[in-house]
Amino acid sequence: MNVLIERNFINGAWDEGSTGVSHAVINPVTETPIGHVPEASAGDVDRAVLAAIDAFPAWSALRGSERAVYMRKMSAAIAAHMDDLVPMQMASCGKPRAEAEADFRGSIDCINYFADRAEELDARRVTPVDYDIPGYRSTTRLEPMGPVGFILPWNFPMKICSWKLGPALAAGCTVVIKPSEIAPFADIFLGAAAQEAGLPAGVLNIVNGRGAVTGQALAEHPGLRKISFTGSTKTGKTIMKAAAEDVKNIGLELGGKSPIVVFEDADLDLAASLAAEGVFYNCGQCCNATGRLLVHENIAEALAQKIIEISQNQIVDSPDNPAMTIGPLASKPQYDKVTGYMDIAREEGLNCRTGGGRHPGFNTGYFVEPTLYTDVPKTSRLWQEEIFGPVLCLRTFKDETEAIREANDTQYGLAATIITEDEERAERVAAQLDAGHVYTNVSVAIPPQTSWGGFKQSGIGRELGPWGLAGFLEVKTVTARR
Ligand code: NDP
C-alpha cells in the first residue's frame, strides 16, 4: 500500500482542499521532496470541524466497548502496514529504523491501552456520589467534551497524535487533526487506518497546512471544545490566546530543558550511557531530552571523558545505513536553529569538548555532530534554552542541595533523570524536582500507563494514563430530591 497520502481527510473521504496550493515535505538527508500536501484554508478547517460536530452525537452515544472495537481495528491497520510506514518515517524524519519502528509500536500500544480504558468507562460513566445529606441524592456522569482539535509536532509523528487520539476516541470525542507541515505523512495515514477500521465518517478528520493559517483557524474555531497541542512554548502561548476567545479547554505539552543529575556514588558507565541517550535519541529532538547535565564535581571529568568516547563512537549517517545511530535533524529550520546555538557557543567562548558544528562528512543533509560543552555558565543561552538537537551541556555541583537548586533553576519542568546508587537519596531528590516525570537510573521511556506533561512553562494538563482520558471528559453532577 502507498502510505504516503498527499491529501486532507474530511468526513470519511480524501480531500484535495480548496486552495490549490500545496507544500513540499523534504527528506532531511537528500534535501529533496518526498511528497506534497495541500494547504487547507480556514474554509477547509471549517468543513472538517462541521463533519466532527455532525459525527459527535452518534459516536458519543456508542458504548465504550463499541468504540474500543473500532480503536483496536485502527491499531491493527497500523500494525498491518508497518513494513511501509517505517521506511516512510525514516525518509520523512531521518530516524534510525529502530526509532521509526518504536514510533509505530508506541502508537499501537497507546491506542490499545485506551481501547481498554474505553471498555472500563462503561462501568464508570454514571456513579452515585458518596454522601449523606438529608433530602439529596447525586450522581456523577462522565461525558465526552465534544469535537476536539489536535495541533501536532514533527518529532514523533503518529506517536504523539496517538497520545491524544486514544483518549479522545475512548471518551467519545470526535477529532480534527492538524499534522506538522514538516512530517505529516504518518499522521495522515491515520485517515487510512480509520477507513480500514470502518470508523464512522467525521469521527476523525485531518487538515494539512501551515501553523499560522490552518493551525490558527483550528485553534480559533468556536465549534471545538478543546485544543490539544504539542510543540514549542512560544506557539503554545499563541494557541492559548486563540483558545481563550471562546474559553476552550486546552492541553499543552510544550518544551523542556530537562536536567540529568549524576551523584558521586553513581555507576559512571550507566551515567554516561544514559546522559548520551538522553540527548542523542531522535538526534536530540525530544521534548524530554536531558540537555542539562549536572555532575558532582569529583566525578565530572571522568564522566565527561566517557561521554566524549560515546559521542565519538556514534555513527552519524542516513537511515539507509543499517549501522547508523544518529540521523540528520528533521528540517532546515531545525538545522539552522541547532547550528545557530553552536555559533552562540563559540561567541560565548564555551568549552567544546567534542562536536560543535555541522558534520563534516556530508555535503547535503541536515547533519550535525554530537556535541558536549563543559563548564557551561548558568547564564549561557545554551544552558537556559531548549536546543532540540544532540547538544549536551555540563555543569558541576558540590552537594545535593545545590544540585536540586540548579536542576530547578529553569522556566521548564517536563522531565528529570537522577543517577545514584542510593535509593533513599533518589526518592528524596525526586520529591523536590519540578518535573512531570522523574527517572532514576533508567532511560526516559514513556509507557502509556504513566502520566506525561510538565510543570511551569512545559505545559498544562497531563497526557496518558487515566489523566489522559480525564482530559477529554467533562464531569457533570446530577442532584435530585431523595
Ligand atoms: P511549533 O511549536 O511552532 O509547531 C508545532 C505545531 O504547531 C505545528 O503543527 C505548527 O504548524 C503549529 N503551529 C505553529 N504556529 C501556529 C499557530 N500560530 N497556531 C496554531 N498552530 C501553529 O514548533 P516548530 O516546528 O517551529 O519547532 C520549533 C521548536 O519547538 C523546536 O526547535 C523545539 O524547541 C520545539 N518543539 C517542541 C516539541 C515538543 O515535543 N514539545 C515538538 C516540536 C517542536 P507548522 O506545520 O506550520 O509548523
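This is a predicted model: local features need pLDDT of at least 70, side-chain atom pairs count only at pLDDT 80 or more; totals for chains, interfaces and linings use all residues.
Residues are numbered from 1 along each chain as its sequence is written, and side-chain values rest on heavy atoms, without hydrogens and water. Local features need pLDDT of at least 70 and side-chain atom pairs count only at pLDDT 80 or more, whereas totals for chains, interfaces and linings use all residues.

Around the ligand stand 28 residues, of which Leu152, Trp154, Glu181, Gly211 and Lys337 come nearest; a residue belongs here if one of its heavy atoms lies within 4 Å. Both domain 1 (4–254 + 457–481) and domain 2 (259–447) give at least three residues to this shell, with domain bounds taken from an automatic or database domain assignment.

The polar contacts below are pairs of N or O atoms within 3.5 Å.

| Residue and part | Ligand atom | Distance |
|---|---|---|
| Lysine 178, side chain N or O | oxygen | 3.0 Å |
| Glutamine 216, polar side-chain atom | nitrogen | 3.1 Å |
| Serine 232, backbone N or O | oxygen | 2.7 Å |

Of the 870 Å² of accessible area that the ligand has on its own, the protein covers 87%, as computed by the Shrake-Rupley method with a 1.4 Å probe.

Technical notes
A polar contact is a pair of N or O atoms within 3.5 Å; within protein, one must be able to donate a hydrogen and the other to accept it, and residues adjacent in sequence count only if both atoms are side-chain atoms.
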